[in-house]
Amino acid sequence: RACNNETRGALIVLEGLDRCGKTSQSSRLVSYLEGLGHSAELWRFPDRNTSVGQMISAYLLNQSELDDRTIHLLFSANRWEKRSMMETKLKAGTTLIVDRYSYSGVAFSSAKGVDLEWCKAPEIGLLAPDLVLYLDMPPEEAAERGGYGDERYERLEFQKKVAQCYQILRDPSWKMVDACQPIEDVQKQLQKIVLDNVLACRKGKPLSLLWS
Ligand code: NYM
């Protein structure tokens, strides 16, 4: 299939435990890229605006109960419903900074005891990120820093399991950034890695698919 990737945007994902700083670092990255004249958008999963996203949101807020596999598939469906828009934006040259993606999906569900390979299966065929940035922070520190809210999963013991599942998923291409550093230092490191990646994608690095 012929496809002109010459000016495509980069698909850049931030992952990490709850409260490690992903959301504020993601929005700063978008401002940084826009400041350099790049087209960039902030995306996040779950996207709570769709009807699937509203079911997910109710579950996270403990307003509904769902079987572990059912909620897993809803998180995945929430990525599938955005897939074609994602591809369109990337091919039009917009870089997407994505706050959580399939790795959160697999890490959080497998932390509950759902089989890891089963968790990966519905993600197969989604767009693979060009870059995964892992904001590394011990669960104890994340718990202290932000103070957990009332959402499901925001408990230290569970976050420790999620951290272990991320370890299993992690591959050598992930960029690990020490998220315990001051916010400005974390941002500087992220900016450099992200800019290099955006430029590589502009030069024609092809898009690929999960799970590769
Ligand atoms: N989460 C997020 C999952 O369990 N599976 C997924 O696929 C995704 C994308 O939802 N604790 C969990 C991780 C978070 C929670 O995310 C909500 P956020 O970034 O707090 O809105």
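This is a predicted model: local features need pLDDT of at least 70, side-chain atom pairs count only at pLDDT 80 or more; totals for chains, interfaces and linings use all residues.

A polar side-chain atom of Arg79 lies 2.8 Å from an oxygen atom of the ligand. Asp18 faces a nitrogen atom of the ligand: the distance from that nitrogen to an N or O atom in the Asp18 side chain is 3.0 Å. The ligand taken alone exposes 480 Å², and the protein buries 94% of this area.

## The shell around the ligand

The ligand is surrounded by 13 residues. Asp18, Phe75, Arg79, Arg100 and Gly105 are the closest of them. By residue class, the shell comprises six nonpolar, two polar and five charged residues. The space that the ligand takes is the largest pocket.

Two helices each supply at least two residues of this shell, namely helix H3 (68–91) and helix H4 (102–110). With three residues, H4 gives the most to the shell.

## Cis peptide bonds

Phe45 and Pro46 are joined by a cis peptide bond, for which omega is about 0°. Pro46 belongs to the loop that runs between strand E2 (40–44) and helix H2 (51–60).

A cis peptide bond also leads from Leu210 to Trp211, here with omega near 10°. Trp211 is located in the segment after helix H8 (183–202).

## Positive phi angles

Arg19 is a residue other than glycine, yet its phi is positive, near 75°. Arg19 is part of the loop between strand E1 (11–15) and helix H1 (22–35). Is Arg19 buried, partly exposed or exposed? The relative accessible area of Arg19 is 39%, so this residue is partly exposed.

Tyr153, which is not a glycine, likewise has a positive phi, of about 80°.

Helix H7 contains Cys165. Cys165 counts as buried because its relative accessibility is 9%. Cys165 and Gln181 are 16 residues apart along the chain, and 23 Å separates their C-alpha atoms.

Pro139 is found in helix H6. Is Pro139 buried or exposed? Pro139 has a relative accessible area of 12%, so this residue is buried. Between Pro139 and Trp80 there are 59 residues of separation along the chain, and their C-alpha atoms are 30 Å apart.

## Summary of the main features

Among the shell residues, Asp18 and Arg79 are listed with the closest; the side chain of Asp18 has an N or O atom 3.0 Å from a ligand nitrogen, while a polar side-chain atom of Arg79 is 2.8 Å from a ligand oxygen.

In the backbone, cis peptide bonds are present from Phe45 to Pro46 and from Leu210 to Trp211.

Notes: Residues are numbered from 1 along each chain as its sequence is written. Side-chain values use heavy atoms; hydrogens and water are left out. A residue is near a molecule or strand if one of its heavy atoms lies within 4 Å of it. A polar contact is a pair of N or O atoms within 3.5 Å; within protein, one must be able to donate a hydrogen and the other to accept it, and residues adjacent in sequence count only if both atoms are side-chain atoms. Accessible areas come from the Shrake-Rupley method with a 1.4 Å probe; for residues, only the protein chains shown count as cover. On a 1 Å grid over the protein atoms alone, a cavity is a set of points where a 1.4 Å probe fits but cannot get out, and a pocket is an open set with protein on both sides within 12 Å along at least five of seven lines; lining residues have an atom within 4 Å of a point. A molecule sits in a cavity or pocket if more than half of its atoms lie within 2 Å of its grid points. Helices (H or I, at least four residues) and strands (E, at least two) are DSSP runs, numbered from the N terminus. Ala, Val, Leu, Ile, Met, Phe, Trp, Tyr, Cys and Pro count as nonpolar, Asp, Glu, Lys and Arg as charged, and the others, Gly among them, as polar. Buried means under 20% relative accessible area, exposed over 50%, partly exposed in between (1.4 Å probe, protein chains only).
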